[in-house]
Amino acid sequence: MLQEIIEVLISGITSGSIYAMMALGMALVYGVTKVFNFAYGSFYTMGGYLAYVVYSSGLGHLGVFLITLPVLFAAGWWTEKLAIKPLRKRDDWEMLAVMVTLGLALFLDNLHQVIFGPFKKSIPALVEGQTHVGTFVFSNHDVTILVAALLSMLFFVLFLNKSYIGMSVRAVAQNPIGAQIVGVANNRIFAYTFALSAVLVGTAGVLLVPKYYVHPFGGWDILVKAWVITAFGGMGSLKGSFYAAFILGIVEAFVGWHFGLTWTIFAWFTVLLGTLIIRPQGLFGTWG
Amino acid sequence: MRQDLKILIGFYSVLAFWPLFFHNNPGIMHILILCLLWGVVAASWDLIMGFAGIFTFGQVAFYVIGGYGSAILTRTFGISPWLGILAAGGITAIIGILVGLPCLRLKGSYVALVTFAVHMILEPFLKSEPGRAIGTGGPQGILDIPPLTFFEYTYNSMEPVPWFYTVFIISFISLFIIYKIIHSNWGLAFLTIRDSEVFARSIGVNDFKYKLIVFAISAFITGMIGAVYAHYVGMMSHRLLGLDFFLILMVMLVLGGMGRFPGAVLGAFIAVFISEELRIFETYRNVIFGAMVILLVIFMPQGIAGFLFSDNKLKSTRNLMTLMNKKLSKL
């Protein structure tokens with residue numbers, strides 16, 4: 001029994017690390033550009049399909065990482081430049097941005113379906129097999145996921161705190177006008193942020209392909225979960241999203257284990273409603 | 001009479017004659033009936049999103065709830081489908097209020113999240129055990145919904161003309177109600193909430209009350225139309241919750257122009273027309289639709305209604321061309 005509980009806990013932590021990547025990307029985009037990117041799930045799927053394409057053309061796992069990251073970056077960048085930036089000057093840009101990203105999401109999903117067909121695709125894991133530690137069995141791929149996710153986030157946090165662009169991103173999130181006054185190119189930062197968030201969620205997609213396969217409409221679950229996590233953790237707070245991701249990953253694992261997998265989505269929904277009713281600013285959030 | 005009502009009446013007058021030409025073509029009649037129904041759904045989405053400024057993505061969910069609601073009521077309790085339709089509207093309105101409650105204090109995009117989550121939750125619910133217990137038929141849906149009857153006549157889908165005119169009347173009445181609401185004090189309240197919630201509150205407009213009202217009305221109408229649809233096609237399935245319908249509804253809104261009545265209705269007819277024409281592309285159809293939404297939002301956010309209502313049509317066409325040139329040259 002204890003063994004099972006620990007296994008569920010570990011599974012939850014692994015999911016949590018991936019969720020943390022996804023939630024960070026979403027929190028970043030919303031915090032900096034104030035846009036809800038409905039196409040977020042589609043970028044996840046895009047990451048997965050890119051991995052599939054690169055791997056299938058024989059370039060191996062290294063090729064996957066070398067190629068998918070820049071492509072995802074470009075996808076995010078151009079989305080912001082072409083689809084969001086033209087809308088900013090209008091009063092109702094928030095609503096229009098939501099509609100445009102929703103349109104983009106549906107466009108991308110259907111494009112994926114046309115190109116790759118409606119059936120799931122997969123690629124082999126980076127490190128196959130399992131390791132045994134005492135009575136526990138770990139899938140090597142899960143370990144890879146955990147390590148990769150944590151490393152990515154470490155890198156990301158260092159980037160935000162130490163690099164010029166990272167600091168500019170934080171500046172724009174805190175005070176867009178103030179950032180402009182000190183010379184930050186807001187428009188470019190918006191594009192960077194979108195691009196970074198696409199890389200984060202797309203990488204999550206790449207990491208999860210061997211485990212969960214990739215399929216054209218798989219992104220919507222991811223979108224909703226990332227949202228719930230950022231709402232629960234606090235929309236403006238990256239730290240909040242980070243903790244919330246692990247908490248909710250573990251909760252999800254336990255709900256799935258105890259009640260069955262079909263109940264997990266109701267659990268997510270309950271968390272969402274609960275957060276919004278009881279503490280709308282989330283755990284660490286600053287309201288707004 | 002105001003211009004928007006004139007456009008609606010003019011459009012419906014033209015529509016009234018179409019069965020004369022197409023009554024032998026069941027395919028076209030079916031599409032027209034769907035257009036009439038969906039035009040109302042689009043208009044009620046416009047009411048809550050374009051006029052009251054609430055980003056909801058729950059319209060499709062309300063439509064499906066209404067359809068299932070009436071289907072379950074008429075099958076389980078044997079009540080008349082007409083009653084079922086009204087009751088379904090009522091049930092959906094109550095659910096609309098329940099959905100609206102948590103959204104009252106939330107800012108725009110959060111409401112989108114909650115309503116979208118409702119949409120996403122509905123599908124697993126319909127397939128689940130509790131869902132089946134109330135009669136949703138699980139994954140297969142409901143296949144034998146009683147048809148409408150009018151005195152001794154039983155509507156059936158083999159004879160589209162009576163359906164057409166019935167739906168024609170129902171949709172016109174619904175749209176007229178929406179028109180009346182838009183031009184009433186409630187409509188003004190919605191606009192104030194949309195344009196500046198804080199200011200609205202400061203002049204005494206109770207935004208909580210009006211947000212709940214608009215949720216209730218838009219859910220009622222959409223649910224009712226969903227119920228009519230259920231009795232028309234005779235079956236309900238959770239597949240309606242797939243994003244296909246959602247996408248086409250979005251195209252309708254963006255094409256028609258948000259916040260301008262009866263743009264959504266016109267958008268509905270044009271969108272369905274385009275969708276049918278695009279059928280030759282089969283799987284590419286949705287890709288094209290998605291691209292259309294993106295392009296429309298960027299280049300023509302006011303939609304067709306924006307064009308129709310602009311004072312100087314020539315000037316606004318020229319403006320549109322200039323805008324497109326500017327955008328393209330910046331690339």
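Predicted model: local features only at pLDDT ≥ 70, side-chain atom pairs only at ≥ 80, totals over all residues.
## Chain A overall

Chain A contains 10 helices and two strands. Along the sequence the order is α-α-α-β-β-α-α-α-α-α-α-α. The C-alpha trace spans about 60 × 50 × 35 Å along its principal axes.

The radius of gyration of chain A is 19 Å. A compact globule of 288 residues would have a value near 19 Å, so the two agree. Of the 288 residues of chain A, 51% count as buried. Contacts in chain A reach across the sequence: among those between residues at least 6 apart, 77% join residues at least 24 apart.

## The contact between chains A and B

Chain A brings 33 residues to the contact, and chain B brings 30. On the side of chain A, three helices each supply at least two residues: α3 (93-116), α8 (219-233) and α10 (264-278). The largest share comes from α3(A), with 15 residues.

## Helices α4 and α7 of chain A

Helix α4 (residues 140-162) and helix α7 (residues 186-212) of chain A have axes that come within 10 Å. The axes cross at roughly 175°. Angles over 145 degrees count as roughly antiparallel, and α4(A) and α7(A) therefore fall in that class.

From α4(A), the contact uses His141(A), Ile145(A), Ala148(A), Ala149(A) and Ser152(A). From α7(A) come Thr203(A), Leu207(A), Pro210(A) and Lys211(A). By class, these residues are five nonpolar, three polar and one charged.

## Helices α11 and α12 of chain B

In chain B, the axes of helix α11 (residues 243-256) and helix α12 (residues 263-277) come within 7 Å and cross at roughly 125°. That angle makes α11(B) oblique to α12(B). The crossing is right-handed.

On the α11(B) side, the contact includes Ile248(B), Val251(B), Met252(B) and Leu253(B). Leu255(B) and Gly256(B) also take part from α11(B). Their partners in α12(B) include Gly263(B), Ala264(B), Val265(B), Leu266(B) and Gly267(B). Further along α12(B), Ala268(B), Ile270(B), Ala271(B) and Ser275(B) are among the contacting residues. The contact has 11 nonpolar, four polar and no charged residues.

The loop between α11 and α12 of chain B holds Pro262(B). A cis peptide bond joins Phe261(B) and Pro262(B), with omega about -10°. Most peptide bonds are trans.

## Lys34 of chain A

Most residues other than glycine have a negative phi.

Lys34(A) sits in the loop between α1 (2-33) and α2 (40-84) of chain A. The residue counts as partly exposed because 18 C-beta neighbours lie inside 10 Å. A buried residue needs 20 or more.

## Trp186 of chain B

Trp186(B) belongs to helix α8 (residues 185-195) of chain B. Trp186(B) has 18 C-beta neighbours inside 10 Å and so counts as partly exposed.

Leaving aside residues up to four places away in sequence, Trp186(B) touches Ile181(B), Tyr210(B) and Ile213(B). The C-alpha atoms of Trp186(B) and Val214(B) are separated by 8.7 Å. These two residues are 28 residues apart along the chain.

Note on methods. Residues numbered from 1 in each chain as written. Chains lettered and ligands numbered in written order. Contact = placed C-beta atoms within 7 Å. Helix = DSSP H or I, 4+ residues; strand = E, 2+ residues; numbered from the N terminus. Rg over C-alpha atoms; globule rule 2.2 N^0.38 Å. Buried ≥ 20, exposed ≤ 12 C-beta atoms within 10 Å, placed from the backbone. Axes fitted to C-alpha atoms, helices over the stretch in contact; angles between N-to-C directions. Parallel < 35°, antiparallel > 145°, perpendicular 65-115°, else oblique. Left-handed = near helix turned anticlockwise from the far one by under 90°. Nonpolar A, V, L, I, M, F, W, Y, C, P; charged D, E, K, R; others polar.
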